[in-house]
Amino acid sequence: MGHAQRIGDGYLTGTTVVLAPVGGAVAAVDVRGGGPGTRETDALDPRNLVQRVEALVLTGGSAFGLDAASGVVAWLEDQGRGFRVGPDPAQVVPVVPAAALFDLGRGGNWRARPDAALGRTAADAAAGTEPGAPVARGNTGAGTGAVAGDLKGGIGTASAVLPSGATVAALAAVNAAGSVTDPRTGALYGQLYEEPTALPPEEVHTAALRRLAEARETSLARSAASVGPPLNTTLAVVATDAALTRAQAHKLAGTAHDGLARAIRPVHLLSDGDTVFALSTATRPLTPDGSPADPAFGIHAEAGALNEILGAGADVLTRAIVNAIDSAETVRGHGGVFPSYRDLYGTP
């Protein structure tokens with residue numbers, strides 16, 4: 001995974017690229033927001049021709065920011081990576097699905113958006129990242145100009161290794177119209193599904209609400225004179241090394257939305273374009289050989305193994321959203337102040 005962003009001189013936006021192994025990965029998508037901005041998502045329909053993709057793009061800039069995917073397509077073509085369409089190995093068409101979130105004008109310049117050059121920079125960054133290297137989170141890549149309700153949003157990640165040995169991981173660019181916090185306590189919704197944690201002290205919550213109200217008044221005054229009410233969209237990628245078919249990957253993308261709904265309330269609004277991609281690198285069999293049924297599930301082993309991955313996909317996406325909010329830093333943009341959760345409440 002690689003990030004690229006532009007900050008200052010009217011910019012507060014960026015792009016994130018998820019680069020598949022050479023040869024591509026099985027991919028699928030589930031779009032549930034009412035205002036999506038996407039590219040090449042129809043190619044991921046299990047009924048269609050291309051079975052693997054070389055990269056996914058998450059980007060700011062709304063529909064304009066989808067230009068970033070063109071830079072990734074050009075980068076892949078230079079590497080000879082893509083769907084082969086001719087006898088020459090260089091004759092490839094890279095299929096690069098992309099989704100955009102709305103951050104227009106947050107840096108001050110309505111026309112300051114990701115472009116093909118920024119997408120290419122993010123692809124270079126992804127290619128230069130060693131497997132297992134720490135992932136940059138918070139105000140970076142597609143999360144650079146993201147907000148979540150009244151809070152600063154950003155990039156977050158989480159992963160889990162299942163008893164089977166399969167890994168399931170999630171990347172989230174959190175830019176939600178809904179809230180990530182319980183208004184009664186200030187606790188993050190996503191943490192309510194983890195081990196019990198101490199709620200913020202009442203006086204801390206009261207002070208946070210006061211600061212949020214002040215920031216909201218400033219933001220509303222500025223946005224009314226610039227870009228109007230905020231629009232949003234949370235984007236995510238859930239990936240596994242277990243071998244999945246396109247149909248199974250599509251199911252994973254769909255059930256992962258449950259994780260999004262646990263951490264953000266409400267979700268899938270008309271002002272959101274919530275989109276979840278699923279990837280399978282298919283380096284590990286879904287089920288051990290020679291196991292037709294699993295007594296623990298009372299059903300075929302393949303269905304039981306897939307159910308574990310589906311459940312884990314929702315769980316890691318919830319955690320990735322919490323991680324994004326925890327990693328974000330306060331930003332003073334053209335649209336006002338976007339305070340971070342940590343500045344208001346401390347580490348969750």
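The model is a predicted one.

**A buried aspartate in a loop**

- D182 counts as buried because its relative accessibility is 6%, and buried means under 20%.
- Leaving aside residues up to four places away in sequence, D182 touches A187, Y189 and H205.

**Helix 5 against helix 6**

- Two packed helices are described by the angle between their axes and the distance between the axes.
- The axes of helix 5 (residues 246-263) and helix 6 come within 7 Å, crossing at roughly 40°.
- This crossing of helix 5 and helix 6 is right-handed.
- On the helix 5 side, the residues that meet helix 6 include Q248, K251, L252, T255 and A263. Among their partners in helix 6 are E302, L306, I309, L310 and I321.
- Sorted by class, the residues of this contact are 10 nonpolar, 5 polar and 5 charged.

- Rolling a probe the size of a water molecule over the atoms shows where empty space is left.
- How many cavities of 30 Å³ or more does a search of the whole structure find? The search finds 1.
- The largest cavity holds about 30 Å³ of space.
- Its lining is made up of V180, L188, G190, A263, I321, V322 and I325.
- Helix 6 (residues 301-327) gives the largest share of that lining, with 3 residues.
- Of the residues lining the largest cavity, 6 are nonpolar and 1 is polar, while none is charged.

**An open space**

- The largest pocket has a volume of about 1000 Å³.
- Lining the largest pocket are 36 residues, and M1, V18, L19, G132 and V135 are the ones nearest its centre.
- At least two lining residues each come from strand 1 (2-8), strand 2, helix 3, strand 12 (154-161), strand 13, strand 14 and strand 15.
- The lining of the largest pocket is divided into 23 nonpolar, 9 polar and 4 charged residues.

**Helix 2 and its cover**

- Which residues of helix 2 (residues 68-78) are buried? They are A68, A69, G71, V72, V73, W75 and L76.
- The cover over these buried residues includes strand 2 (11-19), strand 4, strand 6 (55-59), helix 1 (62-65), strand 9 (98-100) and helix 3 (116-127).
- After helix 2 comes G80, with a positive phi near 70°.

**Backbone details to look for**

- R265 and P266 are joined by a cis peptide bond, with omega at about -10°. P266 sits in the loop between helix 5 and strand 15 (275-284).
- E40 is not a glycine, yet its phi is positive, about 65°. You can find E40 in the loop between strand 4 (37-39) and strand 5 (52-53).
- T233 also has a positive phi without being a glycine, with a value near 130°. The loop between helix 4 and strand 14 (235-242) is where T233 lies.
- Are E40 and T233 buried or partly exposed? E40 is partly exposed, because its relative accessible area is 35%, whereas T233 counts as buried at 1% relative accessibility.

Key. Residues are numbered from 1 along each chain as its sequence is written. This is a predicted model: local features need pLDDT of at least 70, side-chain atom pairs count only at pLDDT 80 or more; totals for chains, interfaces and linings use all residues. Side-chain values use heavy atoms; hydrogens and water are left out. On a 1 Å grid over the protein atoms alone, a cavity is a set of points where a 1.4 Å probe fits but cannot get out, and a pocket is an open set with protein on both sides within 12 Å along at least five of seven lines; lining residues have an atom within 4 Å of a point. Grid points are joined across faces, edges and corners, and a volume is the space filled by probe spheres set on the points. Helices (H or I, at least four residues) and strands (E, at least two) are DSSP runs, numbered from the N terminus. Ala, Val, Leu, Ile, Met, Phe, Trp, Tyr, Cys and Pro count as nonpolar, Asp, Glu, Lys and Arg as charged, and the others, Gly among them, as polar. Axes are lines fitted to C-alpha atoms, for helices over the stretch in contact, and angles run from 0 to 180 degrees between N-to-C directions. A crossing is left-handed if the near helix is turned anticlockwise from the far one by less than a right angle, and right-handed if clockwise. Contact means heavy atoms within 4.5 Å. Buried means under 20% relative accessible area, exposed over 50%, partly exposed in between (1.4 Å probe, protein chains only).
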